[in-house]
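Please look at the sequence and the structure shown here, and then read the short report that follows.

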Number of protein chains: 2
Amino acid sequence: MPEIAEHIVKSFELELNRLRALITDMGGMVESQVAQACRAVIEKDGDAATRAVEGDPKVDALERDIEQFVIRLLALRQPMAQDLRLIVASLKITGDLERIGDYAANVAKRSLVLNQFSLPYALTGLAHMSLLVQENLKTVIDAVGEGDTAKALQVWRSDEAIDEIYNALFRELITYMMEDPRNITPCAHLLFIAKNLERIGDHATNIAETVYYTVTGQPLADARPKGDTSAYAVVRSPHE
Amino acid sequence: MPEIAEHIVKSFELELNRLRALITDMGGMVESQVAQACRAVIEKDGDAATRAVEGDPKVDALERDIEQFVIRLLALRQPMAQDLRLIVASLKITGDLERIGDYAANVAKRSLVLNQFSLPYALTGLAHMSLLVQENLKTVIDAVGEGDTAKALQVWRSDEAIDEIYNALFRELITYMMEDPRNITPCAHLLFIAKNLERIGDHATNIAETVYYTVTGQPLADARPKGDTSAYAVVRSPHE
């Protein structure tokens, strides 16, 4: 009898590993979708935009597969305590990853519009922001795969820097719009692109919070540094 | 023995009812948060803005309570099949409600900036959009409480109308920006307010999909009408 019990425990371990692998697979797909969306904007790469948009239904399908897998796992294994927390966490994480994929696809679509305009200014701030966001996304997916709270904390702390760049970008783009009405349409899309990248950063932070809570049993959310103040931004036109 | 079994089943029924009640409570809180945020923008009501922002931590706390309740339910009751689907669905729904609350708080914050500007144009389109979004939100929360697939379908179908108003608003706001640079800052915030309302509508649609799937076992997602084409919008300045 102990041998049978051990066998059941082992095969449950295998299934939890399979769940972790499915989530890091989904993470990898989303990571490459975000990378392509960023390349589409920064390097005006239309093919990368198409690939980022086409990745979206695959990510959605994988999310549904993971949900089915989780329901089966809950029904057949009736897991307890720590394992249960891990399983519930994986549903939250796949939800965040799915949203990140949506934002990446939206960035890619807008890049196609931007390519129709000649921008008289460099996308330096946006390029910097996109690198930080991609780095955080990569780190948090590693944190998921390894249950690494140090990496989760690192992502959680560095989200503030992303928010600061976003706030600076918001003001910069509004200023370009005021300088020349021909800048208004492309800058409106750039505003949304920057906002989408900022939201991707937020979802990476959500995932970091989920990883931390799952491993330690302690929430990280209460002390979260909130850096996006652009909602309050007032930029006055020189004409006023 | 059958009496004990019956007692267990009954008390599980009670707990599922309690879960449904918690979710509709959260839905009610979010609904009033959105209503206050809309009033803050349309009627320039600063008190309503404050209430919408202050509602956010309460919604987040309720989300965490529901998650704890679900984990306890899974651990103690080891539910099967249909019940399991309902429990997993409730986690998805609370995730969507939490995001709606975030968007409402962001709308409210931006309304405070708008009050610093005198807008030379009516907010008719936005007022119309905010009514439709609030109506969909109310209907979908009813659908959750009653497990009503007809209401879920109604919400799912009417999201397209919201997207259409959003697309028209996007172009209208860009045009105001082009007409006068003093419009640029308030219109940039209005762009984000409109986008947030459109996202609230999307999350209501997500909830409708979850309700439909939970009750029928069939997905609704594949045929979803996608109406937001603003990501592709090109509005040319008359100066070009």
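Is Thr210(A) buried or exposed? In this predicted model, local features need pLDDT of at least 70 and side-chain atom pairs count only at pLDDT 80 or more, while totals for chains, interfaces and linings use all residues. Residues are numbered from 1 along each chain, chains are lettered from A in the order in which they are written, and side-chain values use heavy atoms, without hydrogens and water.

Thr210(A) counts as buried because its relative accessibility is 9%, where buried means under 20% relative accessible area, exposed over 50% and partly exposed in between, with a 1.4 Å probe and protein chains only. Leaving aside residues up to four places away in sequence, Thr210(A) touches Ala89(A), Lys92(A) and Ile93(A), contact being heavy atoms within 4.5 Å.

Chain B can be laid on chain A by a turn of 180° and a shift of 0.0 Å along the axis, with an RMSD of 0.0 Å, superposed by least squares on the C-alpha atoms of residues with pLDDT of at least 70 in both. The two copies are therefore related as by a two-fold rotation axis.

The table describes how the chains meet.

| Item between chain B and chain A | Value |
|---|---|
| Residues in contact | 52 of chain B with 52 of chain A |
| Buried area | about 4700 Å² |
| Salt bridges | 2 salt bridges |

Buried area is the accessible area (1.4 Å probe) lost when two parts are put together, summed over both. A salt bridge, a side-chain nitrogen of Lys or Arg within 4 Å of a carboxyl oxygen of Asp or Glu, joins Lys92(B) and Glu67(A) at 2.7 Å, N to O.
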